[in-house]
Amino acid sequence: MAEESDLEKTEPASPRRLEKAREEGNVARSRELVTFVLLATAVGGLWAMAGSLGNSFRGAMSHGLRFERAVAFDTSFMLSQAGLQAMQALIAMAPYMGMVVLAAVAGPLMLGGWLFSTQALGPKFSKLDPIAGLGRLFSAQSLAELFKALAKSLLIGGVAWLVIMGNMDEVNALMAQSARAALPQMIMLVARNCALIVAALLLIALVDVPFQLWSYYRKLRMSREDLRQEHKESEGDPHVKAQIRRQQQAVARRRMMSEVLKADIVVTNPTHFAVALKYEDSQMRAPRVVAKGTDLVAARIRELAAEHKVPVLEAPPLTRALYKNTRLGQEIPAGLYTAVAEVLAWVYQLKRWKAEGGEAPRTPGELPIPQALEYNPNAAA
């Protein structure tokens, strides 16, 4: 099943997957790169500081081996001298050890960068599963690590053997020299031989770093189902979003319908369009569209207008122009002022006639609609 799952994961890791892996403390690391940086710094520092270290150790040895017979049996003096020699050696080695510590800290940061994750410190009981442990033991990653360890041992061991055998004469010659001359030469000889071994580690690191990057991104590969699931989590489930959008539209529609009750006039097409207008002289510069809709929504607007005795006027050109050129809650365009003013005048006359009686007002006929504001179904399609 694991192999089938791996075969299904053909897509590269998404940025979110990489970020999540980093939050969990999972980043690409190369032990070989860290080892190379650490040993290269150690050998380079030893090479650069061979002279000063040799002089410091030579002086310490010379001073430590020189004593008077009178104090040879004074244990307190011997202990104080030993502590003094140790402190001098520590001071002499402090710059060198500082370089090594800095390399030990900087080495892991070269691949993967700085990372501190509390999740990585938490216990994971899945690691205690013996079956999963056996699976990891015989996995392709474990076999690759075993092959790499064997190759590294053979390469470093072979280089070390060649170096030692190639410098055997120089090692034997040190025994015939004085301590003053032999100590700096011995340090330089060790540093030069270590440099050759570090060069072998560089070759291993150059192979291991690309391998670790490839292995890291391969483990984080995703299937298409994983990508879809991640998209749902980040963008939201399309079905849920559609349901929320429908609910929002229903709430907006109910709010709009409640405005129909407060409208001064509803103009209709008469069946396909309906637009409700309201005008308050003290609060509005021009009449405002408080509701509009087509087909079923238009029918509902007409029903509400009839139920609450809001005047309804069939004015197809004006209705279509208002529907096309205005948004909900927006004031009407200046080009429709004349037509809407005539409609509102009829509304006020109608209210006065119902209250006072007399001759019924004449229903507006042809209303002036600018050509630029006319509704063209073909153009809208």
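K262 has a relative accessible area of 49%, so I put it down as partly exposed. I note here that the model is predicted. The partner of K262 in a salt bridge is E259, with the closest N and O atoms 3.9 Å apart. E259 is partly exposed too, at a relative accessible area of 25%.

**Other salt bridges**

I looked up the total, and the count comes to seven salt bridges. One of them joins the side chains of R16 and E19, at 3.8 Å from N to O. Both residues sit in helix 2 (residues 15-23); they are three residues apart, and so separated by about one helical turn. R16 is partly exposed at 40% relative accessibility, and E19 is partly exposed at 42%.

I then checked E280 and K278, whose side chains meet in a salt bridge of 3.5 Å, N to O. E280 is partly exposed, with a relative accessible area of 25%, whereas K278 is buried, at 16%. I also found R285, R288 and E331 joined into one network by salt bridges that share partners.

**K292**

I found K292 in strand 3 (residues 288-294). Setting aside residues up to four places away in sequence, K292 touches several others, including M256, V297, I301 and L328.

**Cores**

The largest nonpolar core has 22 residues, and I265, V267, L277, L318, L322, L336 and V340 touch the most other members. Strand 1 (265-268), strand 2 (273-278), helix 13 (316-325) and helix 14 (337-356) each give two or more residues to this core. Helix 14 supplies the largest share, seven residues. I followed V267: beyond its neighbours within four places in sequence, its contacts include F273, L313, L318 and V343. A second, separate core has 16 residues, among them A28, L33, A205 and Y216.

**Whole chain**

I counted 15 helices and four strands in the protein chain. Of its 381 residues, 28% are buried. The unreviewed UniProt entry annotates residues 33-50, 97-117, 146-166 and 186-214 as "transmembrane region". I checked residues 146-166: the chain there is 100% helix and 0% strand, with the end C-alpha atoms 30 Å apart.

Key:
Residues numbered from 1 in each chain as written. Predicted model: local features only at pLDDT ≥ 70, side-chain atom pairs only at ≥ 80, totals over all residues. Heavy atoms only, no water. Contact = heavy atoms within 4.5 Å. Core = buried A, V, L, I, M, F, W, Y, C linked by side-chain atoms within 4.5 Å. Buried < 20%, exposed > 50% of the residue type's maximum accessible area, 1.4 Å probe, protein only. UniProt positions renumbered as here; feature names shortened; annotations may be inferred. Salt bridge = Lys/Arg side-chain N within 4 Å of Asp/Glu carboxyl O.
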